[in-house]
Amino acid sequence: MSGPAIVATDVSRTYQLDGVSVPALRGVSLTVESGDYLALVGASGSGKSTLMHLLGGLDRPTGGTLLIGGRDVAGLSPNEMAELRNTTIGFVFQSFHLLARTTAQDNVGLPLVYRGIGRRERRERSAAMLERVGLAHRIGHRPNQMSGGEQQRVAIARALITGPSVLLADEPTGNLDSATGQQVLTLLETLNAEGVAVVLVTHDREVADRARRQIVMKDGLIV
Amino acid sequence: MRLAEAWRVALEALRANRLRSMLTMLGVIIGVAAVVALVAIGTGTKEQIERQVEGLGSNLLIVVPGRLEAGAAPTSSPLTLDDVEAVGRIVGDRSRVAVTVSSGETVRAGKRSGFASMQGVTESTPTVFVRRLDRGAYLTRTDVNTGRRVAVLGAGVARELFGERDPIGRQMTIGGVRFRVIGVFEALGQSLGVDRDGEVHVPVTAAQRLLGTERIDGLAIRAPDRERIDQLGADVVAALSERHPDTDFSAVTQEQILGVLGDILGVLTGVLAAIAGISLLVGGVGVSNIMLVSVRERTKEIGLRKAVGARPRDIGVQFLLEAVLLTTTGGVLGMLLGGSSALLVDRLSPVPAALTWWSMALAFGVSAAVGIVFGVVPAQRAGRLDPVVALRTE
Ligand SMILES: Nc1ncnc2c1ncn2[C@@H]1O[C@H](COP(=O)(O)OP(=O)(O)OP(=O)(O)O)[C@@H](O)[C@H]1O
Ligand SMILES: [Mg+2]
């Protein structure tokens, strides 16, 4: 795909909380180029996660325009948003969000379920993806049978299985010790080197310094 | 998402909460079982009564004073044996006309006594109705004409008064008057709610003398052929009305009795099924309730599925299938339970039961429908969940 992966122009997001407006984002403009490597930093409550959810199509802005893969999300139906999340974006969460009682292989294959891909092909592709993140030996394990680092790598494999152009990771190393965090980071960088745009949120200076660009947020604005 | 996958997820979810799924199903199981069993009992009872009415003999025409309609007051009978002679002439054959004058009487033999339904009849009764003797002989024309005090006992009366002894030729009293036993009927059991084995047949003339009356209660005709049965009924009613201008008469055929009984029993079966249906409804509410709990418990899972590309419909279908799977499994188990209880009741109790395919199919269909109806709200709620909010819940 040519052109930037995501373009946000003066994007705002205001939450309504018991009738009170809580402005979490107050006009943010940001472009994620294809193949970009971007670190989002800032104090707690500055709106990093809110922005990530918008970039990932999990949420819609209350103001401004947001183009994901060239499409304005304001004009997309819930089904089209779902398709966008399925095909264009890979999302990695701080707390992994793997399905309990489900093996690593089936967790990784989950996005393919919503593409109507059959069980056999799903299993083949998720096995290959697990091998790429170095977890071929954990294929039949359930989340509670894996370490935190392994779980996060499963989550990354799941984010990658549909071949997205952007990988969004909200504090992917936040729940991991530094050595394990390094492993996960190295994996993300390898993927970035292969052309996937990576946006990650972190509180860790060292991690942020490894990115090509740093974006600092404060009180719902980019500074 | 493919349907096969949705089924797999639904099944997995139910298996993960086995006990809860079972308990939820129980409501549906009981509801469906109740529908199937009660409809079976209703149907069985109806079939039994139809058999009994048909067992009275074919081409039967029953003539009674008064109008046969709901709410009509019972009419005291003006009929006498002279009327029977007249009817016999219309029918053309006296042996096709049976009469009764009946009364409940105390019967006694030696030290034993009991209560019996005394029926004053003519010798034609066994020809008009199907009635077989176990031993002895029935009343003869001479018995009727001379008012001889002889009696034919129902099996129950015979046992009550004589136990294992052979009653033939023995003396007994009916309402204090001495009679001699000449025959005993085969056991018949209950028929149309009446204990047929509690009857004692005596010549109508003897009964009238005992009761101090000339009346007879009604008469029955076995028509020579089916085609003329309605015409015959009209003729008889016309003749009787002419003889007794102040009284209405009615003639009913077996078909008419069957029709009326069938209607009543149909309504009864319907009411039973409706009551059972209510319990099925309650079961459905239970399913709805559990599905809402399930949606709440799995909010995070829903959020994650949406985050990786599930459409609202995918999530909705998944939960709807879960509800339908719950109720249809309950429906099948309920069918088995209801069917086997109906068979047990039929075998072990005097209540008849007949399983019908339509009631089973209906119960299954209804349970699936219950799943859809009561699953829709939770499924929609799940489908509409906002992914960010869903992922945030703990
Ligand atoms: N659903 C919500 N309703 C109301 N306010 C919200 C909601 N979600 C977030 N906020 C508010 O929006 C602001 C930004 O929150 P956000 O989660 O984006 O911060 P963050 O930068 O990710 O913080 P952290 O580093 O702690 O994760 C906060 O003030 C928060 O209280
Ligand atoms: Mg955050």
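Select A:D36 and A:R213 to begin: the two form a salt bridge, and their closest N and O atoms are 2.8 Å apart. This is a predicted model, and the distance between the two residues is a computed one. A:D36 belongs to the loop between strand 2 (20-32) and strand 3 (37-42) of chain A, while A:R213 belongs to strand 9 (residues 213-218), so the pair ties together parts that are 177 residues apart in sequence. With the surface displayed, compare the two partners. A:D36 has a relative accessibility of 5% and therefore counts as buried, the limit being under 20%. A:R213, at a relative accessible area of 32%, is partly exposed.

Remain in chain A and select A:Q105, which is placed in helix 3 (residues 104-113). Is this residue buried or exposed? A:Q105 is buried, its relative accessible area being 13%. Next, show the backbone of A:R123: its oxygen lies 3.0 Å from a polar atom of the A:Q105 side chain.

Now move to chain B and select B:E297 together with B:R20. These residues form a salt bridge in which the closest N and O atoms are 3.0 Å apart. The pair links distant parts of the chain, with B:E297 in helix 9 (residues 254-297) and B:R20 in helix 2 (residues 18-55), 277 residues apart. B:E297 counts as partly exposed, at 48% relative accessibility.

B:R298 lies in the loop between helix 9 and helix 10 (299-307) of chain B, and B:E322 lies in helix 11 (residues 312-348); the two are 24 residues apart, and the pair links distant parts of the chain. B:R298 is buried, with a relative accessible area of 11%. B:E322 is buried as well, with a relative accessible area of 3%.

To close, widen the view to the entire model, where the count of salt bridges over all chains comes to 27. Among them are the bridge from A:D36 to A:R213 and the bridge from B:E297 to B:R20.

How values were computed
Residues are numbered from 1 along each chain as its sequence is written. Chains are lettered from A and ligands numbered from 1 in the order in which they are written. This is a predicted model: local features need pLDDT of at least 70, side-chain atom pairs count only at pLDDT 80 or more; totals for chains, interfaces and linings use all residues. Side-chain values use heavy atoms; hydrogens and water are left out. Helices (H or I, at least four residues) and strands (E, at least two) are DSSP runs, numbered from the N terminus. Buried means under 20% relative accessible area, exposed over 50%, partly exposed in between (1.4 Å probe, protein chains only). A polar contact is a pair of N or O atoms within 3.5 Å; within protein, one must be able to donate a hydrogen and the other to accept it, and residues adjacent in sequence count only if both atoms are side-chain atoms. A salt bridge is a side-chain nitrogen of Lys or Arg within 4 Å of a carboxyl oxygen of Asp or Glu.
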